[in-house]
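Hello,

Here is the structure I promised to pass on to you. Have a look at it first, and my notes on the cavities and the ligand follow below.

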Amino acid sequence: MKISIEAPSHSKNQFLEQIERETGEDLSRCYQCGNCSGSCPVSDEMEIPVSQVIRLVQLGQEKTVLQSNSMWLCVSCFQCQGRCPKCLDPSKIMEGLRRLSLRRGRAPLAMSQVTGEFIERSPQQAIVAGFRKLFA
Ligand code: SF4
Ligand code: SF4
């Protein structure tokens, strides 16, 4: 995916501050080694892999990050957390991004779409992960 980067319009990076406040993570620790993306089981399906999501948050690229499918595809497996040499928890950052999106009224699935038929044909893990995302 081609990403154009523009400088945030405000001098302070409010998006970064908001995510750090939300998650308790210090994103400046990330030095882009890529271990988290390399160990993520759904990285290939994400429009932006998790390490690049972190870099874009550092750069204040809120729109690009929140418009991507990455946070919604994260299955909260915590592989990234265990592999980060800087003791960051990228899964928490994905969770923080989901919470921020939901508060702004942006969700990939409306509750009205979760019908009996939908539940019957979905694997149990998908239902549990989906509800965690919708009710975080
Ligand atoms: S917790 Fe999410 S971002 Fe981290 S490795 Fe698992 S699926 Fe990927
Ligand atoms: S593993 Fe840690 S340091 Fe490496 S890119 Fe991911 S968050 Fe950054």
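A quick definition before the findings: a molecule counts as sitting in a cavity if more than half of its atoms lie within 2 Å of the cavity's grid points. Please keep in mind that this is a predicted model.

By that criterion, ligand 1 sits in the second largest cavity. This cavity has a volume of about 80 Å³. Its lining consists of Cys 40, Pro 41, Val 42, Met 46, Val 50, Cys 74, Val 75, Cys 77, Cys 80 and Met 94. Sorted by class, that makes 10 nonpolar residues, with no polar and no charged ones.

What else turned up? Searching the whole structure gives 2 cavities of 30 Å³ or more. The largest cavity holds about 100 Å³ of space. It is lined by 14 residues, and those closest to its centre are Cys 30, Cys 33, Cys 36, Cys 84 and Leu 88. Two or more lining residues come from each of the helices α2 (35–39) and α3 (50–58). In this lining, 9 residues are nonpolar, 4 are polar and 1 is charged.

Happy to go through any of this with you.

Best wishes

Conventions
Residues are numbered from 1 along each chain as its sequence is written. Chains are lettered from A and ligands numbered from 1 in the order in which they are written. This is a predicted model: local features need pLDDT of at least 70, side-chain atom pairs count only at pLDDT 80 or more; totals for chains, interfaces and linings use all residues. Side-chain values use heavy atoms; hydrogens and water are left out. On a 1 Å grid over the protein atoms alone, a cavity is a set of points where a 1.4 Å probe fits but cannot get out, and a pocket is an open set with protein on both sides within 12 Å along at least five of seven lines; lining residues have an atom within 4 Å of a point. Grid points are joined across faces, edges and corners, and a volume is the space filled by probe spheres set on the points. Helices (H or I, at least four residues) and strands (E, at least two) are DSSP runs, numbered from the N terminus. Ala, Val, Leu, Ile, Met, Phe, Trp, Tyr, Cys and Pro count as nonpolar, Asp, Glu, Lys and Arg as charged, and the others, Gly among them, as polar.
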